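Hello,

Here is the structure for you to look through. Please open it first, then read my notes below.

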Amino acid sequence: LQTALSQDGYEVRVHGEEGVLCHVGLNTPTPQADAEYAVFPLPATLYAAFDVYVAEGYASQNGAMEEWLAASRLKYAQRLLEGKEYVVEYYDERFHGDASDSIVEIWVSIMEVSS
């Protein structure tokens, strides 16, 4: 993609009643993309970020994410996208496939809870 800001990759996982819908792509500076791509905008938001060692499996951090959200529930709540939970997987230079040192960041969208 000629308009990508970097070669870092993103995977947006939207959880719904019908299952998980995955969108894979790159970050662009404008809401336009080459004809063979579609634009999937995300709202500006805060994220809680968690490092996942791919060799240990993505589920290895689910407990840590749930624990953080529970411990932070008085200050933060998970932000929904059109009424559905979603997370962003961020693939940067630390991602090396299935290698033992391969890391993917998982970003959980959050918002401050009103007092």
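**The aromatic rings**

Ring pairs link Y10, Y47, Y90 and W107 into a cluster. Rings of Phe, Tyr and Trp (its six-membered ring) pair if their centres lie within 6.5 Å; planes under 30 degrees apart count as stacked, over 60 as edge-to-face, and the rest as tilted.

Before going on, note what you are looking at. This is a predicted model, where local features need pLDDT of at least 70, side-chain atom pairs count only at pLDDT 80 or more, and totals for chains, interfaces and linings use all residues. Residues are numbered from 1 along each chain as its sequence is written, and side-chain values use heavy atoms, with hydrogens and water left out.

Back to the rings. A search of the whole structure gives 7 aromatic pairs. How is the pair of Y10 and Y90 arranged? The ring centres of Y10 and Y90 are 5.2 Å apart and the planes are at 35°, so this pair is tilted. The pair links distant parts of the chain. Y10 sits in strand β1 (residues 9-16), Y90 sits in strand β6 (residues 84-91), and the two are 80 residues apart. Both Y10 and Y90 are buried. Buried means under 20% relative accessible area, exposed means over 50%, and partly exposed lies in between (1.4 Å probe, protein chains only).

Now take W68 and Y76. Their ring centres are 5.8 Å apart with the planes at 25°, so the pair is stacked. W68 is partly exposed because its relative accessibility is 28%. Y76 has a relative accessible area of 19%, so Y76 is buried.

**The overall layout**

The protein has 1 helix and 7 strands. Helices (H or I, at least four residues) and strands (E, at least two) are DSSP runs, numbered from the N terminus. Along the sequence the pattern is β-β-β-α-β-β-β-β. The C-alpha atoms fill a box of roughly 45 × 35 × 25 Å, taken along the principal axes. Of the 115 residues, 29% count as buried.

Contact means heavy atoms within 4.5 Å. Among contacts between residues at least 6 apart in sequence, 65% join residues at least 24 apart.

How confident is the predictor? pLDDT is its confidence in each residue, from 0 to 100. The protein averages a pLDDT of 86, and 95% of the residues score at least 70. Among the elements, helix α1 (residues 62-71) has the lowest mean pLDDT (85), while strand β5 (residues 80-81) has the highest (94).

**Two residues of strand β6**

Start with V88, which lies in strand β6. Is V88 buried or exposed? V88 is buried, because its relative accessibility is 2%. The C-alpha atoms of V88 and Y10 are separated by 6.6 Å, although the two residues are 78 apart along the chain. Leaving out residues up to four places away in sequence, V88 touches Y10, E11, V12, L42, Y47, E105, I106 and W107.

E89 is also placed in strand β6. With a relative accessible area of 4%, E89 is buried. Its side chain is joined to that of Y91 by a polar contact of 2.5 Å. A polar contact is a pair of N or O atoms within 3.5 Å; within protein, one must be able to donate a hydrogen and the other to accept it, and residues adjacent in sequence count only if both atoms are side-chain atoms. Not counting residues up to four places away in sequence, E89 touches several residues, including G9, Y10, Y58 and V104.

**A loop and a helix residue**

Where is E82? E82 is in the loop between β5 and β6. E82 has a positive phi of about 55°, although it is not a glycine. Its relative accessible area is 76%, so E82 is exposed.

N62 lies in helix α1. At 37% relative accessibility, N62 counts as partly exposed.

Technical notes. pLDDT = per-residue confidence, 0-100.
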